[in-house]
Amino acid sequence: MHAVIRAIPRGSVATYGQVAELAGVPGGARIAAASLKQEVNLPWQRVIGKASGRRGRIKILDPVGAAIQRGLLEKEGVEVGDRGLIDLGVYGWLPKMKTARRNGRVGKTTMTRAGSDRGASLRRPPRSGSKRRA
DNA sequence: CGCGTGACTTGTA
DNA sequence: TTACAAGCCACGC
């Protein structure tokens, strides 16, 4: 796990799920996060959450930690949005996949749902009109 | 149609 | 049991 994280090249970022899978723990995104929290000396800054398609989103709840991470990433040359959005299609770490064209979309053929969290299976009751709010 | 945020679900510590 | 450095999905813009 740590080896995988440390393998992330400077200027690139990876999602917790991706790191976890590469470490041999599918769906172990939370495990990866926990490991990063426990072990220091790791470039946890390069490990981010995930949003839509090729966009990464900092899921860090701690505003201070998130700010630090953002600063470090920017220093490495990674563009971080104000909301913590990072373009994985450009800065996303591409381990062994050779066919993946960073210049566009990530070759999901090799990755195939790195996250695979069942997060969304039986949710979303008929919310009348608005998406949230009751 | 594409990107972004919001909200729900799951797992570990 | 609760909290969290996550993830997916659906809706909004």
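Here are some notes on the predicted model of chain A, point by point.

1. Ground rules. This is a predicted model, in which local features need pLDDT of at least 70, side-chain atom pairs count only at pLDDT 80 or more, and totals for chains, interfaces and linings use all residues. Residues are numbered from 1 along each chain as its sequence is written, chains are lettered from A and ligands numbered from 1 in the order in which they are written, and side-chain values use heavy atoms, with hydrogens and water left out.

2. Confidence. Chain A has a mean pLDDT (the predictor's confidence in each residue, from 0 to 100) of 77, and 71% of its residues reach 70 or more. Among its elements, β2 has the highest mean at 94, while helix α6 (residues 108-111) has the lowest at 38. Helices (H or I, at least four residues) and strands (E, at least two) are DSSP runs, numbered from the N terminus. Watch residues 97-116: pLDDT stays under 50 there, and the model has 30 contacts for them beyond four places in sequence, a contact being heavy atoms within 4.5 Å.

3. Helix α4, length. After the helix comes Gly77, with a positive phi near 105°.

4. Helix α4, sides. Gly65, Ala66, Gln69, Leu73 and Glu76 are buried; buried means under 20% relative accessible area, exposed over 50%, and partly exposed in between (1.4 Å probe, protein chains only). They cover an arc of only 95° around the axis, which puts them on the same side of α4; the arc is that of the directions from the helix axis to the C-beta atoms. Their cover includes β2 (47-48) and β4 (85-87). Pro63, Val64 and Lys75 are exposed, on the face turned away from the buried side.

5. Salt bridges. The whole structure has 2 of them, where a salt bridge is a side-chain nitrogen of Lys or Arg within 4 Å of a carboxyl oxygen of Asp or Glu. One joins Arg46 to Glu76 at 3.1 Å, N to O. That pair links distant parts of the chain, 30 residues apart: Arg46 sits in the loop between α3 (29-38) and β2, Glu76 in helix α4. Both residues are buried. In the bridge between Glu74 and Arg70, the closest N and O atoms are 3.7 Å apart. These two are about one helical turn from each other because they lie 4 residues apart in α4. Glu74 is partly exposed at 40%, and so is Arg70 at 25%.

6. Arg10. This residue is in the loop between α1 (2-6) and β1 (14-15) and is exposed, at 57% relative accessible area. Leaving out residues up to four places away in sequence, Arg10 touches Arg46, Lys75 and Glu76. Its side chain reaches the backbone oxygen of Lys75 at 3.5 Å. Arg10 and Gly77 are 67 residues apart in sequence but 8.5 Å apart in space, C-alpha to C-alpha.

7. Gln18. Located in helix α2 (residues 16-22), Gln18 is buried at 9%. Its side chain reaches the backbone oxygen of Trp93 at 2.9 Å.

8. Asn41. Most residues other than glycine have a negative phi. Asn41 is not a glycine, yet has a positive phi of about 65°. It lies in the loop between α3 and β2 and is exposed at 71% relative accessibility.

Conventions:
A polar contact is a pair of N or O atoms within 3.5 Å; within protein, one must be able to donate a hydrogen and the other to accept it, and residues adjacent in sequence count only if both atoms are side-chain atoms.
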